[in-house]
Structure formats: structure tokens, C-alpha cells
Amino acid sequence: MKSREINAKSNIKRLIKSAITSVLTPLSILCTSIVCFPLSSLSALPPSLGAFKIARTAALAAKQRRFILIVQAADTSSNSASQSCASSKIMHWYQHEISITAPSRGCHLITTTVQKAISKDVANIKIGMANLFVQHTSASLTINENADPDVRRDLEMALNKIVPESWNRDGTFKHTMEGDDDMPGHIKSSMMGVSLNIPITDGRLALGTWQGIYLNEHRNQGGWGGGHTRKIVITLQGKG
């Protein structure tokens, strides 16, 4: 009995895999929508899904409460219509790396530089997300006021008061070999964060009217690089 049960379950899994594979063809994945169903709920799917009749039957036999991803394929009888829909819903991934040289320690507005670097690719995304990641331990990224430069000056002043360099000399810190600005820079980097997620809407970064992207340089000499050049990786993903 156990052998028959194992064989039955194996056949069920094979039927489900075959049913799903049969619709994942270059044409049938056009205009797809991905839905997560309990396997048992496949019995409620309409018969019109054709290839899923096998999966539905298998689900009824298995009576298992597992989750699988069902790709509900659109009608592919019209290739031109499907191709049009596919081109508008295809998933895009892009990645860029930019290097920015901060003119000095402090908070610097880099929105224009970022937008220029991604302008060609972000235009292909109707809805998605942009991730910015700075590859350093004494620099950070944030979003704040993009108009009045006093905001950036005040932010730098506040950070210096929150983590004073005097802690490097009064015994507070042990990691002191790389200069008075080093350990405070590490702390500020962790406080502010090294990455940002920004929504993409209709081919552009969905920043608010007064929002700008800041690169915060926390060191006087820019760390081991001997300057203020910081590398930022920008990853874009979304549907066209």
C-alpha cells in the first residue's frame, strides 16, 4: 500500500508539473498574472483554464494544503495583441555603478547625478523600485530637503553634535588609529543608512517635490581612498 501511495503522489506531482509547464510557453506567458493558490483550492478554478484541469484533478486526489504559483495565461489567439500586452508588462532589471567625488565632508545633493545615470533605463519602467547602495562604511545616503542648502549644513552640524570627535580622545572609543573623524564616521553611516529604496512611477523616480537624494560624506579625507570618491550601485526593477 505504501508503495502504491508513493507512486500515486509521484504521479500527481508529475501531472501538476506537466500542467504548469504546458502553459509556460513563449506565447502563453504573455500578459500573465501570478496568483498564489492553496493547492486544494485548484478545484475552484474554472474549467476554461484547460491545462489546469489536470492540476485540479491532481489536487483533488492529493488533498494537500501546499501553496504553488499558478500562472494564469491570457488567450494567445491574437499574437499581435499578446505581443503588445507583453511589451507593456515585461519585467525589467538594470544596474548601474556611479562614482561621486564629494567636494568636502558634509551632506551633498546628488539627485541630478543619479537621474542622469539611470535616465535611459528608468524610462522603460512604468511601475517599480530603485535601490541605491553606497559601498562604504564612513558615508551614507538619505533623502531630505532639496531646496535650501542650510538644511544640509544643519544636518551635518547635528550629526557632529550627536557623535562628537572628542570621543576619540576621551577614552570613549577604542578604534582610534585612523583619525578623529573615522569612528564617528562609522557611527554616522550606520545611523543614516547605506541604502535607499525609491518607487518608480511612469518612468521616473517618484520623489516628492521637495525631496532630494543626499550623499553624506562623514570623513575629512574620504577614508582609505585618499579622497572623497564614493561608489554607489543603483539597481532598477519593475514592469514596463
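Residues are numbered from 1 along each chain as its sequence is written, and side-chain values use heavy atoms, with hydrogens and water left out. Because the model is predicted, local features need pLDDT of at least 70 and side-chain atom pairs count only at pLDDT 80 or more, whereas totals for chains, interfaces and linings use all residues.

The average pLDDT (the predictor's confidence in each residue, from 0 to 100) is 76 for the chain, and 61% of the residues score at least 70. Over residues 23–43 the pLDDT stays under 50, and the model has 55 contacts (heavy atoms within 4.5 Å) for this stretch beyond four places in sequence. Residues 61–85 also have pLDDT below 50, with 52 contacts in the model beyond near neighbours in sequence.

Leaving aside neighbours within four places in sequence, I232 contacts residues including H96, E97, L132, F133 and L215.

Helices α5 (residues 149–162) and α6 (residues 182–192) pack at an angle of about 115°, with their axes 10 Å apart; axes are lines fitted to C-alpha atoms over the stretch in contact, and angles run from 0 to 180 degrees between N-to-C directions. Here L155, L159, N160 and I162 of α5 meet K188, M191 and M192 of α6.

Terms used: Helix = DSSP H or I, 4+ residues; strand = E, 2+ residues; numbered from the N terminus.
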